[in-house]
Amino acid sequence: MSSNTTIQDSAPTGAGPVLSWAEFSSASSTREYCQGWIGLQSGLIPGVIQGILVTEGEDGQFTPAAVWPHGGADPVRLAEALERVIDDERGLVLELDTADRYAMVYPVRVDDRLFAVVAMELAADSEADLNRAMEQLQWGCSWLELLLRRREADEDKARLLRLGTAVDMLALTLDRPSCREAAMTFVTELSAAAQCERVSLGFVRGRSVVLEAVSHSAEVDLKMNLTRNIERVMDEALLQRREISWPTDDATVICREHEALSRQQAMAAVLTLPLYGQDRYYGALTVERAADQPFTERDAEFFRAVAALAGPILEAKRQSDRSVLDHVRASLSEAAGRLLGPRHYGRKLAVAALACVALFLFFAHGDYRLRADIALEGGIRRAVTVPFDGFIQQAPFRAGDLVNEGDELCLLDDRDLRLDRMVTASRLRQLEQQLQEAVSQHDRAQSSIIRAQLNQVQAELDLADAQLARTCLTAPFPGLIVSGDLSQRLGSAVKQGDVLFEVTPLDSYRVILKVDERRIADVRVGQRGELVLFSLPGQEFGFTVSKITPIARAEEGSNHFRVEASLDSVDQTLRPGMEGVGKVAVDRRKLVHIWIRDMREWLTLFFWKWLP
């Protein structure tokens, strides 16, 4: 508010207005300010009979702040006009039932918010008098706006002061390495800043509060009566989930422990604020003052701001200072509280569902089937080899082709063989002619020699004929060529015994299972199973285990045993070399044993390996 000199200098002459200016300029509260203002305006506007000023309260309702004249006003006559202006937020001039009497109502808006409404009953002879009165009222309302601006400035100043003090204490709290040191620094600094006799800080442990630090006390004796009384005060505030101040006029608040502590400390003022964060109450802050310094609402706002800044930091330090066992205990307690306490219905349903599933798995039985990778092989695999050294002349078939029995797979070059046969045949005819001459000369010795040579040449001729017949290599039976491609080797030399093709029939297959060495003991000859091929995922084929090879093979970092099985039925879509997954039916076991078997065996082997 302006100084007395400034206001007095601008005051009009006359006893009534001067008295109102003096009353207005010396106002020490909002109510006195409003009363002085309404009196000043009533003196400045001619013909005013009565006036009333209503302001918005904290609850949003408009209540009278000042009336004029004192004790002689009848605000009921202005009530209807006030309600209309509060609803419409527009100025209003309304003619009353008495002649030349008018109700003039004007709203005071600050920052697009209705702050106050002033209403006056006045006598006016003309419309010009009403206009001058409204103009004077509008000019006078700027003093009410000034009141609001100063009030906001005072609140901002106090808020900045509280915030600065809170930040300073937060900095000191963060600088301490442990929770106990930080808490001691916090309560001591807060006691000095707020001019308190004692400041106490406690944290929730279990179902009650345990005192952590007391201002100006290096150690906290948990067995002292004062310590137990302060803890009961904190418990009382936490149980009611609200701030408790003593003394108080609120009959709805239970504050027996606060009253007891106040009496013990010679009727001291006590204020307790619960500390809340992360959806739970984790502690409480209790401050005490002398009886002649009760806590105001501004004091409570300061303590709230400080607790809001420093409380989470202190709780975080307390959590970090706890041992591993305390962390585990707190986590289990928190989980149990969420599970057994109110709300968290999703978690309750999830735990109930998991419990039902666990019970089902523990008691339910199912088929235990051993899984293994499989591959199809032909029941017979016939090799087509080179009968003698030669050269490839033709090779119309290659791997992947279907052949029938007798189909020509490969034709060897027979030109050298035919030349050798012609030479041998010519020698045979010469020997036959020589034999005839020896017989005609009755030379028995020569005849015997020529007959022996003749038999030898005849054998060579038979061998040449046989080799010529074997130059054409044919399919031994109808089936599929699984290996061999000579299309790029025409004219190349081959040696006797070289494998040119491998042929397998399509009506006989065997299943090769790669069983892990950890599960080979579960496999028995005669067990049945099913397989699904990667190329035919929608079709299942049954098989029966026929042979277990007792030799392990290392493949892809693990050992496997080769187990052979025979298909129950053969489909035309099957081909040698197809791969898939097979499952051998072993027996019936509990589902939980089936699913945790791998983990149980791994743990058993791990501990056996590392334990002495």
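Predicted model: local features only at pLDDT ≥ 70, side-chain atom pairs only at ≥ 80, totals over all residues.
Trainee: At what angle do helix 5 and helix 9 pack, and how far apart are their axes?

Mentor: Helices (H or I, at least four residues) and strands (E, at least two) are DSSP runs numbered from the N terminus, and an axis is a line fitted to C-alpha atoms, for helices over the stretch in contact, with angles running from 0 to 180 degrees between N-to-C directions. Here helix 5, residues 127–174, packs against helix 9, residues 297–321, at about 25°, and their axes lie 9 Å apart. The two helices are therefore roughly parallel to each other.

Trainee: Is the crossing of helix 5 and helix 9 left-handed or right-handed, and which residues make the contact?

Mentor: A crossing is left-handed if the near helix is turned anticlockwise from the far one by less than a right angle, and right-handed if clockwise; that of helix 5 and helix 9 is right-handed. With contact taken as heavy atoms within 4.5 Å, helix 5 contributes residues including A158, R162, L163 and A166, and helix 9 contributes residues including R298, E301, F302 and A305. For classes, Ala, Val, Leu, Ile, Met, Phe, Trp, Tyr, Cys and Pro count as nonpolar, Asp, Glu, Lys and Arg as charged, and the others, Gly among them, as polar. On that scheme this contact of helix 5 with helix 9 has 14 nonpolar, two polar and four charged residues.

Trainee: How do the axes of helix 11 and helix 14 cross?

Mentor: The axes of helix 11 (residues 345–363) and helix 14 (residues 591–610) come within 5 Å and cross at roughly 95°, and the two helices are therefore roughly perpendicular to each other. F360, L361 and F362 of helix 11 meet L591, V592 and W595 of helix 14, and the residues of this contact divide into six nonpolar, no polar and no charged.

Trainee: How many salt bridges does the structure hold?

Mentor: In general, side chains of opposite charge can pair when their charged atoms come close. A salt bridge is a side-chain nitrogen of Lys or Arg within 4 Å of a carboxyl oxygen of Asp or Glu, and the structure holds 36 of them. One of these joins E530 and R369 at 3.8 Å, N to O, and the pair links distant parts of the chain, since E530 lies in strand 21 (residues 528–533) and R369 in strand 11 (residues 365–378), 161 residues apart.

Trainee: Is E530 partly exposed or buried?

Mentor: Buried means under 20% relative accessible area, exposed over 50%, and partly exposed in between (1.4 Å probe, protein chains only). E530, at 37%, is partly exposed, and R369, at 39%, is partly exposed. In the salt bridge of D373 with R371, whose closest N and O atoms are 3.8 Å apart, D373 is partly exposed at 38%, whereas R371 is exposed at 52%.

Trainee: Which parts of the chain does the salt bridge of R528 and D568 tie together?

Mentor: The closest N and O atoms of R528 and D568 are 2.3 Å apart. R528 lies in strand 21 and D568 in the loop between strand 23 (558–567) and strand 24 (579–590), so the pair ties together parts that are 40 residues apart in sequence. R528 is partly exposed at 45%, and D568 is partly exposed at 41%. Elsewhere, salt bridges that share partners join R519, D522, R597, D598 and E601 into one network.

Trainee: Turning to the backbone, which residues does a cis peptide bond join?

Mentor: W68 and P69 are joined by a cis peptide bond with omega of about 0°, and P69 is placed in the loop between strand 2 (62–68) and helix 4 (76–88). W246 and P247 are likewise joined by a cis peptide bond, with omega of about 5°, and P247 lies in the loop between strand 8 (244–246) and helix 8 (256–264).

Trainee: Which residues other than glycine have a positive phi?

Mentor: Among them is Q195, with phi of about 55°, in the loop between helix 6 (179–194) and strand 6 (198–205); Q195 is exposed at 59% relative accessibility. Q278 also has a positive phi, near 55°, and sits in the loop between strand 9 (269–277) and strand 10 (280–289), where Q278 is exposed at 71%.

Definitions and conventions:
Residues numbered from 1 in each chain as written. Heavy atoms only, no water. Parallel < 35°, antiparallel > 145°, perpendicular 65-115°, else oblique.
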